[in-house]
Amino acid sequence: MNNFQRSLAKYGVYFEELRAKLLFLTKVFVICFIIGFLVTTPVIRFFIAYFNITDVTIVTTSPFQLIEFAMSVGFFSACIITLPIFIYHLYSFLKPGLLKAERKIFVLSLPLGLLLFIFGFLYGGGMLYYGIKLMAKVNASIGIANYWDITKFVSQIVLTSSLLGLLFTFPLILTFLMRLGIVSVNFLRSKRRHAFVVVFILVSLLPPTDGLSLILMAAPLVLLFELTVFLNRKNNNGRNLLT
């Protein structure tokens, strides 16, 4: 038996487990895609009813646009639902090789990251709600008719809310970098102003772009940065408070 055969025999069980997990995730992705495709109609109705914007007409620009939009909804739904399942299976696959402290960090990070993403997503949706209504009123007040493409209307809301949700998870990244010793609390404190500038730049790239919305969307990210620095400060024993 050569080295390749011995390695295959040694790690074959892991490859088989990995193959089974990938097959399961593929099935979940396909099922979620189909469900997301089928629920496109109630999704559209929800967005139109929730935003309930006066002086706005939601339109389609091609006969097959709703089908293309349904496929986008299915793909997005499949990614959102499959991702946490993938992370869970990745953790279960790596768990035997992780130290106790590493397992603790991983287990605590998953629900916290999910909560931060959901909060950021909902917060972004709320900001967009008022921003969109304001833009519609401004357009109508100067005589511009509001005919909004359904695909762009919904996708911009979902994409912007999702990106803000991802930005809300940055405290976990900072904590992870501090645990690895790449950055320190003192470094973050000394670069506080730079961090705030980066936050405002990133938020300014997301709609809406008016000054009030910019401040309202950046404020919680600044607070999260300060909270991250505060929680990761060291006590008198020199141990991190998050351990």
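Which backbone oxygen lies 3.3 Å from a polar atom of the side chain of threonine 40? In the predicted model described here, that atom is the backbone oxygen of glycine 36.

The model is predicted, so local features are reported at pLDDT of at least 70 and side-chain atom pairs at pLDDT 80 or more, whereas totals for chains, interfaces and linings use all residues. Residues are numbered from 1 along each chain as its sequence is written, and side-chain values use heavy atoms, with hydrogens and water left out.

The chain contains nine helices and two strands, where helices (H or I, at least four residues) and strands (E, at least two) are DSSP runs numbered from the N terminus. Along the sequence, these elements occur in the order α-α-β-α-α-β-α-α-α-α-α. Of the 243 residues in the chain, 30% are buried; buried denotes under 20% relative accessible area, exposed over 50%, and partly exposed the range in between (1.4 Å probe, protein chains only). The accessible surface amounts to about 16000 Å², and carbon and sulfur atoms contribute 71% of this area; areas were computed by the Shrake-Rupley method with a 1.4 Å probe, and for residues only the protein chains shown count as cover. Among contacts (heavy atoms within 4.5 Å) with a separation of 6 or more, 78% join residues 24 or more positions apart.

With residues up to four places away in sequence not counted, threonine 40 touches Phe69, Ala70 and Val73. Lysine 21, situated in helix H1 (residues 3-38), is likewise buried, at a relative accessible area of 16%. Once neighbours within four places in sequence are left aside, lysine 21 contacts His89, Ser92 and Phe93.

Helix H6 (residues 170-179) has Phe170, Pro171, Leu174, Thr175 and Met178 as its buried residues. These residues lie on the same side of H6 because they cover an arc of only 145° around the axis, the arc being that of the directions from the helix axis to the C-beta atoms. In general, an α-helix has 3.6 residues a turn, so residues three or four places apart point the same way. After H6 comes glycine 181, which has a positive phi near 80°.

Conventions
A polar contact is a pair of N or O atoms within 3.5 Å; within protein, one must be able to donate a hydrogen and the other to accept it, and residues adjacent in sequence count only if both atoms are side-chain atoms.
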